[in-house]
Amino acid sequence: MEKIQQRPIEIPQASHPLAEVGNVTKKVRKRILLKDVSFAVEQGEICGLLGPNGAGKTTLIRVMTGLIRPDSGDILIGGRSVVREREAAVANVGAIVESPIFFPYMTGRENLDNLALLHPNLPDRKARKRRIEEVLEVVRMDKRADEKVKTYSLGMKQRLGIAQALLGDPQLLILDEPANGLDPMGIRELRELILKLKTEFGKTILVSSHLLDELQKICDRIVVIREGEQVFSGSREEMIGSSGSLEDAFVEMMTR
Ligand SMILES: Nc1ncnc2c1ncn2[C@@H]1O[C@H](COP(=O)(O)OP(=O)(O)OP(=O)(O)O)[C@@H](O)[C@H]1O
């Protein structure tokens, strides 16, 4: 039988990459949603994913979390292939893709209890209970955990979403537009939480947002996509360059 020749996947070199996106292409019917996207996120970094509406950010996140398969290319998380060994690769990922969904008539703790049942590394009740208390404390929801989710503010729901993403103690957190709809206090709390997850808990975080001021405050690395194509990947300083701010650099990049 003739062997199918596969193009080698070119993964950019970084010193300790935790997530490596290599030549990812995704099509739906004839439409190309992602075209040859490649970048790496190093251990302990916060990477901002930017792009105008419809650029393909959520699609990329869905591919990275194994929710949809790329047509070509692959993603390695901690060296495991999302395409070939999906379960092992995504065991190391916690994500909020679009809005986190909870049962509104159950309390925050009850919702986490339900979700913790799905985690292979939380096999017994005692381990689940301990982990739920830990994550509630990390996101500062421990005092409100016994109230029904329907009474929570959007900021509290987002924090509970992050608690859910942390249940399996993943190295990589992927947050798709977590600041959407939050008020200034909620945005500040979210920023402090994301920075705490990096500095105190050593998490690596990929976060998409349209709030460029926020991304400028928290990100080490920036990836920009437009119409499915990666137009930039580099440090925050390289992106800002002489523009003065991430917003100015982004607008210049989009209007070039
Ligand atoms: N299953 C699908 N079938 C066809 N088109 C799709 C599908 N999923 C996404 N798209 C299209 O792909 C493009 C990229 O969508 P995506 O949601 O990834 O963009 P985005 O960068 O996250 O946008 P936004 O900033 O508005 O959230 C959009 O034009 C969208 O309509």
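Helices α5 and α6 cross in a right-handed sense. The model that shows this crossing is predicted.

**Helices α5 and α6**

- On the α5 side, the contact is made by Leu-154, Gly-155, Gln-158, Arg-159 and Ile-162.
- On the α6 side, Gly-186, Glu-189, Leu-190 and Leu-193 make the contact.
- Sorted by class, the contact of α5 with α6 has four nonpolar, three polar and two charged residues.
- Helix α5 spans residues 154–166 and helix α6 spans residues 184–199; they pack at an angle of about 15 degrees, and their axes are 9 Å apart.
- Because angles under 35 degrees count as roughly parallel, α5 is roughly parallel to α6.

**Helices α3 and α4**

- Helix α3 (residues 108–116) packs with helix α4 (residues 125–138) at an angle of about 130 degrees, and their axes are 10 Å apart.
- This angle makes α3 oblique to α4.
- The crossing in which α3 passes α4 is right-handed.
- From α3, the residues that meet α4 are Arg-109, Leu-112, Asp-113 and Ala-116.
- Their counterparts in α4 are Arg-128, Arg-131 and Ile-132.
- By class, there are three nonpolar, no polar and four charged residues in the contact of α3 with α4.

**The largest nonpolar core**

- The largest nonpolar core holds 65 residues, and the members that touch the most others are Ala-19, Ile-75, Ile-77, Ala-163 and Ile-174.
- Strand β2 (residues 31–42) supplies the largest share of this core, six residues.
- Leaving aside residues up to four places away in sequence, Ala-19 touches Ala-40, Val-41, Ile-75, Ile-77, Leu-172, Thr-204 and Leu-206.

**Loop residues with positive phi**

- Arg-29 has a phi near 50 degrees, a positive value in a residue other than glycine.
- Arg-29 sits in the loop between β1 (17–28) and β2.
- With 4 other C-beta atoms within 10 Å, Arg-29 is exposed, because a residue with 12 or fewer counts as exposed.
- Glu-227 is not a glycine either, and its phi is positive, about 45 degrees.
- The loop that holds Glu-227 lies between β9 (221–226) and β10 (229–235).
- Glu-227 is partly exposed, with 14 other C-beta atoms within 10 Å.

Methods. Residues numbered from 1 in each chain as written. Predicted model: local features only at pLDDT ≥ 70, side-chain atom pairs only at ≥ 80, totals over all residues. Core = buried A, V, L, I, M, F, W, Y, C linked by C-beta atoms within 7 Å. Buried ≥ 20, exposed ≤ 12 C-beta atoms within 10 Å, placed from the backbone. Helix = DSSP H or I, 4+ residues; strand = E, 2+ residues; numbered from the N terminus. Contact = placed C-beta atoms within 7 Å. Axes fitted to C-alpha atoms, helices over the stretch in contact; angles between N-to-C directions. Parallel < 35°, antiparallel > 145°, perpendicular 65-115°, else oblique. Left-handed = near helix turned anticlockwise from the far one by under 90°. Nonpolar A, V, L, I, M, F, W, Y, C, P; charged D, E, K, R; others polar.
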